[in-house]
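This report describes cavities, pockets and strands in one protein model. The sequence and structure come first, and the description follows.

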Amino acid sequence: MNKVYNFSAGPSILPQEVFREAAEGVLNLNQSGLSILEISHRSKDFMSILEEAKSLVKELLQVPEQYEILFLTGGASAQFYMSAINFLPEGGTATYIDTGVWSAKAIKEASKFGKIVPASSSKDRNYSYLPKEHHIPNDASYLHYTSNNTIYGTQFSTAIRSEVPVICDMSSDIFSRPIDVAKYAMIYAGAQKNLGPAGTTLVIIDPKICGKSGRNLPSMLDYQVHIENGSMFNTPPTFPIYVSMLNLRWLKKQGGVRAIQQKNIEKANLLYQEIDSNPLFKNEIAREERSMMNVVFDAISPEIEHAFLKFAEENYCSGIKGHRSRGGFRASIYNAMDIEGVQHLVDTMALFSINFNKTNH
Ligand SMILES: Cc1ncc(COP(=O)(O)O)c(C=O)c1O
């Protein structure tokens, strides 16, 4: 069978060795004769998986001591409202940077619990750039933003500075580069890109910001409850946590986030170079705002777009169709995509262009 290269935005590619280990864990976890799918979440085997997952997050991202690591459910989308009800008092204000569909969804959910003031937005040009100036009111309970815009292919290269606590949705670029966790009160990320399979959401939280909203929260929506119970308030998503742990072990073996960042830069440069030099394709995002994870681009006409989508599929490039809200193409080149895969896509684009020129001249 030919190798298929998976450029999907999420759920997405994970290393082959993680798939093999996960398969082994499904059949016979640690030679126990039991499957990861059937053991108790309070068993010694699972507790040690959870502890290792948390400690790998702390080690790989150099998380300061006071922060807590949670593995929750409900996807990153649940964090849109959970962060609001935990940190926004009745009648309070929060400020949001709107750089895409996911930011806008976070704003919509938070608006149900308080006043949301826009800090900045790039909606006027269909989220094709990153705003440079942010208006952050001093009385805002927090600032929320999305570090990498999965759908539009833009990414903040550095943390946004703010006097108020910062909450960041890092769903699509966490573990792709070093971050200074101390700059954030809370970071959250759906697992299904650089962390593991769909089904768990990582939360890195400074407990100091909890307990200030004055709301009587349902236990499942209260970060403090999850912190006090070490992500074990209810049955945690055991299998996604297990695979995430295996994937973090893999990342550590690759040399950690600094080493993977170098590879990610190389891969992104290779692909953007082809897009910029191939006359059939274009990307109009400013170079310094382009995402290293989700490379979004367009064909120069709808006919070429249609033809290349077909050609790419025939050439084993899977998942490059752009998000339905934007169209065009999107090649997600997460940590587990190696440079050979990106080279394959580049070669496919170049071959498509040669064939196109032959038939049109
Ligand atoms: C940046 C970002 N935030 C939030 C989400 C929503 O995540 P979920 O589907 O886990 O709720 C996504 C999904 O792709 C995303 O890319």
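## Terms and source

The model is predicted: local features need pLDDT of at least 70, side-chain atom pairs count only at pLDDT 80 or more, and totals for chains, interfaces and linings use all residues. Residues are numbered from 1 along each chain as its sequence is written, and side-chain values use heavy atoms, with hydrogens and water left out.

## The cavity

One cavity of 30 Å³ or more is present in the structure. A cavity is a set of points, on a 1 Å grid over the protein atoms alone, where a 1.4 Å probe fits but cannot get out, and lining residues have an atom within 4 Å of a point. The largest cavity holds about 60 Å³ of space; a volume is the space filled by probe spheres set on the points, which are joined across faces, edges and corners.

Its lining consists of Ile13, Leu14, Pro15, Lys193, Asn194, Asn247, Trp250, Leu251, Tyr334, Asn335 and Ala336. Seven of the lining residues are nonpolar, three are polar and one is charged. Because domain 1 (16-253) and domain 2 (255-359) both give residues to this lining, the largest cavity lies between them. The domain bounds come from an automatic or database domain assignment.

## The largest pocket

A pocket is an open set of grid points with protein on both sides within 12 Å along at least five of seven lines. The largest pocket has about 460 Å³ of space. Its lining is made of 24 residues, and Ile13, Pro15, Ala336, Met337 and Asp338 lie nearest its centre. Two or more lining residues come from each of β1 (5-6), α1 (16-27), α7 (256-277) and α9 (339-359). Helices (H or I, at least four residues) and strands (E, at least two) are DSSP runs, numbered from the N terminus.

Helix α7 provides the largest share of this lining, five residues. By class, the lining has eleven nonpolar, seven polar and six charged residues. The largest pocket also lies between domain 1 (16-253) and domain 2 (255-359), because both give residues to its lining.

## The second largest pocket

The volume of the second largest pocket is about 290 Å³. Of its 19 lining residues, Trp102, Thr150, Ser171, Gln192 and Lys193 lie nearest the centre. Helix α3 (residues 75-87) gives the largest share, four residues. This lining divides into five nonpolar, eleven polar and three charged residues.

## Strand β10

All five residues of strand β10 (residues 201-205) are buried, that is, under 20% relative accessible area with a 1.4 Å probe and protein chains only. In a regular strand the side chains alternate between the two faces of the sheet. In β10, Thr201, Val203 and Ile205 are buried on one side, and Leu202 and Ile204 on the other.

Two strands pair if DSSP finds at least two bridges between them. Strand β2 (residues 68-72) pairs with β10 in the antiparallel sense over five bridges, and Glu68 stands opposite Ile205. Strand β9 (residues 186-190) is also antiparallel to β10 and joined to it by five bridges; here Ile187 stands opposite Ile204.

## A three-strand sheet

An open sheet has three strands in the order β11-β12-β14, with antiparallel pairing. Strands β11 (281-282) and β14 (329-332) stand at the edges with a single partner strand each, so one side of each has no neighbour in the sheet. Four bridges join β12 (residues 294-299) to β14, and Val296 stands opposite Arg330 in β14.

Notes. Ala, Val, Leu, Ile, Met, Phe, Trp, Tyr, Cys and Pro count as nonpolar, Asp, Glu, Lys and Arg as charged, and the others, Gly among them, as polar. Buried means under 20% relative accessible area, exposed over 50%, partly exposed in between (1.4 Å probe, protein chains only).
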